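Subject: Structure for you to look at

Hello,

Here is the structure I said I would pass on. Please open it next to this email and follow along.

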Amino acid sequence: MKYFSMSLLLLFYCGVGSSQVPADNTPMNEIKILASHNSYKKRPHPKVLHFLNKFRDKLGPDNNPDYIDYGHLTFSEQFNQYGIRGIELDVNYDPDGGHYKRRRVNLFLLGQKQRLKGNILKQPGFKILHIADVDFESNYLTLQSALKALKAWSDAHPMHLPIYVNIETKGAHPADESKSLQYLGFANCIPFDAIAYSNLETEIRSVLDSDQLYMPGNFKKGYKSLRARINASGWPLLHEVKGKIIFILQGNNQDIYKSFKNPVMFYYGEENDSNTIFLLRNNPLNFEEEIGELVSQFIIRTRADSGTIESRTNDFSKWNAALQSNAQIISTDYYKPDDRWSSYHVKFPNGLFELVNP
């Protein structure tokens, strides 16, 4: 009975079953987790996809409608049912409110409304969407609602593995590349400046408690840089980051944010930057050795699949390369299969996580 009760307790804290629990003295860079890509996103309405496919040849290879034909469950479902421990949010700046209230592709679709009911998109604040006016369906319309969902789950599972939150600050939309789309009322992207980044930090802090956040200042522990801390005393151990949420910035005008003192977010940078501990290596194929040589000094984010290609072809080659590389954050759109195409989906053999050096 005692053993059974302890098992239930571990399930409650971790949020998903696992055949093992990492020891508290495991360095944080020795734990591999599964992350979802564009984690907030819903699949576009079938009428939108049908309309875009009519112009497939004119859109060009980078704008193939197939690439956006996927969607995700809510955060709690991802965390509880599939062991996801990393999410990605596309954050769009909207200081005055209403910039993203219209969904202009619906202008061409019979029966599809250009505006949502209610005032949520009219309010000032950061909005969560993939591609303005085209791929806008989201489980969380605002950053605040996404953060509240994240906090609610974290509060309910206080001993969880750290959750990595990839923040991509958007810097372009289709209207920024087409005057014709601007004429039709498609929204330009509002670039991130120092005020935007300051507001972004304020919004994060307004929802998440300071003891839930693990920030660069927590990592440094008085050292001059993040790398100096690693070189002097090694990586933080799991007991230091358990139950924490770690934000990592990727995106528009990132150099502005690097000048912030006492920042909330880490950032994806370059190897020669003394304050970079996170690196992007999104294609693991044929780069397994290169990534493997970096994992002792950096936490690497790579991808198991992209653009629905692996699901359509049932191709596990990138996933296998990602595993072999020992990248610590492996991003996927397919923790569950899309039965329209194949049984392709990825997960760790041991459930929740894998150790880099078991």
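Predicted model: local features only at pLDDT ≥ 70, side-chain atom pairs only at ≥ 80, totals over all residues.

Residues are numbered from 1 along each chain as its sequence is written, and side-chain values use heavy atoms, with hydrogens and water left out.

Helices (H or I, at least four residues) and strands (E, at least two) are DSSP runs, numbered from the N terminus. Buried means under 20% relative accessible area, exposed over 50%, and partly exposed in between (1.4 Å probe, protein chains only).

Start with helix α4, residues 75-82, where Phe75, Gln78 and Phe79 are buried. These residues lie on the same side of α4, because they cover an arc of only 90° around the axis (taken from the directions from the helix axis to the C-beta atoms). The buried residues of α4 pack against β1 (31-36), β2 (86-92), α5 (143-156) and β4 (163-169), with contact meaning heavy atoms within 4.5 Å.

Strand β2 has seven of its seven residues buried, so it is largely enclosed by the rest of the structure. Gly86, Glu88, Asp90 and Asn92 are on one side, and Ile87, Leu89 and Val91 are on the other. In a regular strand the side chains alternate between the two faces of the sheet. Strands pair if DSSP finds at least two bridges between them. β2 runs parallel to β4, with six bridges, and antiparallel to β3 (residues 127-128), with two.

Glu201 lies in helix α7 (residues 194-207). Glu201 is buried but has no salt bridge, that is, a side-chain nitrogen of Lys or Arg within 4 Å of a carboxyl oxygen of Asp or Glu. The nearest side chain of opposite charge, Arg205, is 5.0 Å away.

By the salt-bridge rule, the count is 17. In one of them, the closest N and O atoms of Arg312 and Asp69 are 3.7 Å apart. Arg312 lies in helix α13 (residues 309-313) and Asp69 in the loop between α3 (56-59) and α4, so the pair ties together parts 243 residues apart in sequence. Asp338 and Arg340 form another salt bridge, with their closest N and O atoms 2.7 Å apart. Salt bridges that share partners join Arg43, Asp66, Asp69, Arg312, Asp338 and Arg340 into one network.

Regards

Conventions: Lys, Arg positive; Asp, Glu negative; His and termini not counted.
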